[in-house]
Amino acid sequence: MSLPFLSAVRHDGTDWALRHMPLLRETVRRHGAVLAGKRIAMCLHIEPKTAALVALLTEAGAEVTLTGSPGTTQDDTADALRASGTTVYGRRDDTPDRHRHHIDRVLACDPHLLLDNGGDLTVAALEGGGPPHLVGGTEETTTGALRIRALPSPPPFPVVVINDSRLKLLVENEFGVGQSVVQGFMNATNLMLPGARATVVGYGPCGLGVANTLARLGARVSVAETDPYRALEAVMHGHEVGPLDTLLPRTRLLFLATGHPGVVGADQLDALADGTIVAGVGHRAWEVDQAALAARTASIRRYGTAGDERAVHRLSDGREITVLAGTAMINLTAAKGNPIQAMDLGLTLQARSLAAVAALPLAPGAQPVPADVDREIAASLVARLTAD
Ligand SMILES: NC(=O)c1ccc[n+]([C@@H]2O[C@H](COP(=O)([O-])OP(=O)(O)OC[C@H]3O[C@@H](n4cnc5c(N)ncnc54)[C@H](O)[C@@H]3O)[C@@H](O)[C@H]2O)c1
């Protein structure tokens, strides 16, 4: 399935993704007219599913300017989009400073709409006083939603938080992230999971999905979670639950799924077992206190390639700790991101919400996906999954 937009470059990953994204294709066909002529500033992981969204929006007459998130950009997809005429800023090895520069360049397109991932575009747009033609936008993640809701005053334009959708949390965060993070871990390490002692930190939908996928594959899974209701849910699912510091000495595989900075600080680094491998799930690579790790590191041996690196830190007390891809999201650095069907749903919610922002004067501020939209898409998904 090749759109004229993509004909400049054969990008089989994008063709393949488009073929398996029926909800998104149908949604843009039915609701995309309102996006014709709109400039969309987009910050989303640059990979084939995103390229499929860009292709469909472009076909609908929108003008997309795109950047990715640090550490997750697939350079071949970025190049294919550029060759097809989309303005794309960013490469896999971008630093946080460079990423911030790209955000400013994307906002310079004077967007009508923002499609954001992590709050970077929305926060930068507000710092700059807001692009003159901006009507509103969407935000994909938990991390971005928390950032936007913590602002001293709410945005004066609507921001539909895709992550507030029950549907997204279930299909993408739980089942999609669960499968693809474990796949990324296996790709990165080539290690066996049955019998391995794994700890998942954070039992939100992402952590839950990772823990349950690991357990189904035979790992012995422990969970550290500060929210007692979610900790209870982890117990009910059969996982060992306890304070992180007490779990770490018996852990070999550590998955970080809180979305919060410095969860593994100096005390936790001191408690890690020799040989522990650390993988990131949360949106930002900040859950390990990098300064505390650097202070304990005597030497580093690096395997793999930039962006998909295994860094073996030999600590001054002799222990070895391996950090995968600097704790960037392992499902994007070492696998192909979330499964296509999970992103078909997530990006359908995005496209439908962007169309709602463009079409209606929604109230300003962060708000959930309209309930009727969420329900309608859930019904379409059930119909598709049960039709086979
Ligand atoms: N890798 C991906 O493809 C992908 C996809 C979607 C979301 N995410 C990101 O994954 C992260 C988690 O998403 P979510 O939807 O599960 O979020 P969430 O906020 O619902 O869950 C995070 C959980 O971590 C817990 N927590 C916070 N600090 C903790 C600590 N110090 N110790 C133990 N537990 C702690 C919280 O109580 C919460 O239950 C976010 O950063 C999100 O943006 C990643």
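In which loop is Val264 found? Val264 sits in the loop between strand 10 and helix 12 (266-271), where helices (H or I, at least four residues) and strands (E, at least two) are DSSP runs numbered from the N terminus. The structure is a predicted model, in which local features need pLDDT of at least 70 and side-chain atom pairs count only at pLDDT 80 or more, whereas totals for chains, interfaces and linings use all residues. Residues are numbered from 1 along each chain as its sequence is written, and side-chain values use heavy atoms, with hydrogens and water left out.

**View 1. Surroundings of Val264.** Val264 counts as buried because its relative accessibility is 1%; buried means under 20% relative accessible area, exposed over 50%, and partly exposed in between (1.4 Å probe, protein chains only). Leaving aside residues up to four places away in sequence, Val264 touches Leu254, Leu256, Leu269, Glu287, Val288 and Asp289, a contact being heavy atoms within 4.5 Å. The C-alpha atom of Val264 is separated by 25 Å from that of Met236, 28 residues apart along the chain.

View 2. Eight strands form an open sheet with mixed pairing, in the order 9-8-7-10-11-14-13-12; two strands pair if DSSP finds at least two bridges between them. Strand 9 (240-241) and strand 12 (297-305) stand at the edges with a single partner strand each, so one side of each has no neighbour in the sheet. Strand 7 (residues 197-201) and strand 10 (residues 253-256) run parallel and are joined by four bridges, and Val201 stands opposite Leu256 in strand 10.

**View 3. Strand 4 and its partners.** Strand 4 (residues 113-116) is covered on both faces, with Leu113 and Leu115 buried on one side and Leu114 and Asp116 buried on the other. Strand 1 (residues 39-43) pairs with strand 4 in the parallel sense over three bridges, and Ile40 stands opposite Leu113. Strand 5 (residues 136-139) also runs parallel to strand 4, joined to it by four bridges, and here Leu113 stands opposite Gly136. Strand 4, helix 6 (residues 120-127) and strand 5 make a right-handed β-α-β unit; a crossover is right-handed if, with the strands pointing away from the viewer, the path from the first strand over the helix to the second runs clockwise.

**View 4. The loop that holds Ala108.** Ala108 is placed in the loop between helix 5 (96-107) and strand 4, and counts as exposed because its relative accessible area is 63%. Although Ala108 and Ala41 are 67 residues apart along the chain, their C-alpha atoms are separated by 8.9 Å.

**View 5. A nonpolar surface patch.** Leu232, Val235 and Met236 form a nonpolar patch on the surface, with about 310 Å² of accessible area together. Patches are made of residues with over 30% relative accessible area and no salt bridge, like charges being joined within 9 Å and nonpolar side chains (Val, Leu, Ile, Met, Phe, Trp, Tyr) within 5 Å. Accessible areas come from the Shrake-Rupley method with a 1.4 Å probe, and for residues only the protein chains shown count as cover. Met236 belongs to helix 10 (residues 228-236), and its relative accessibility of 64% is the reason why Met236 counts as exposed.

**View 6. Salt bridges.** A search of the whole structure finds 18 salt bridges, each being a side-chain nitrogen of Lys or Arg within 4 Å of a carboxyl oxygen of Asp or Glu. Asp164 forms one with Arg149, the closest N and O atoms being 2.6 Å apart. Because Asp164 lies in the loop between strand 6 (158-161) and helix 8 (166-189) and Arg149 in helix 7 (residues 142-149), the pair ties together parts that are 15 residues apart in sequence. Asp164 is partly exposed at 32% relative accessible area, as is Arg149 at 44%.

Another salt bridge joins Glu309 to Arg302, with 3.0 Å between the closest N and O atoms; Glu309 is partly exposed at 23%, while Arg302 counts as exposed at 52%. The side chains of Glu376 and Arg352 also meet in a salt bridge (2.9 Å, N to O). Glu376 lies in helix 16 (residues 371-387) and Arg352 in helix 15 (residues 340-359), so this pair ties together parts that are 24 residues apart in sequence. Glu376 is partly exposed at 31%, whereas Arg352 is buried at 13%. Elsewhere, salt bridges that share partners join Asp75, Asp79, Arg82 and Arg91 into one network.
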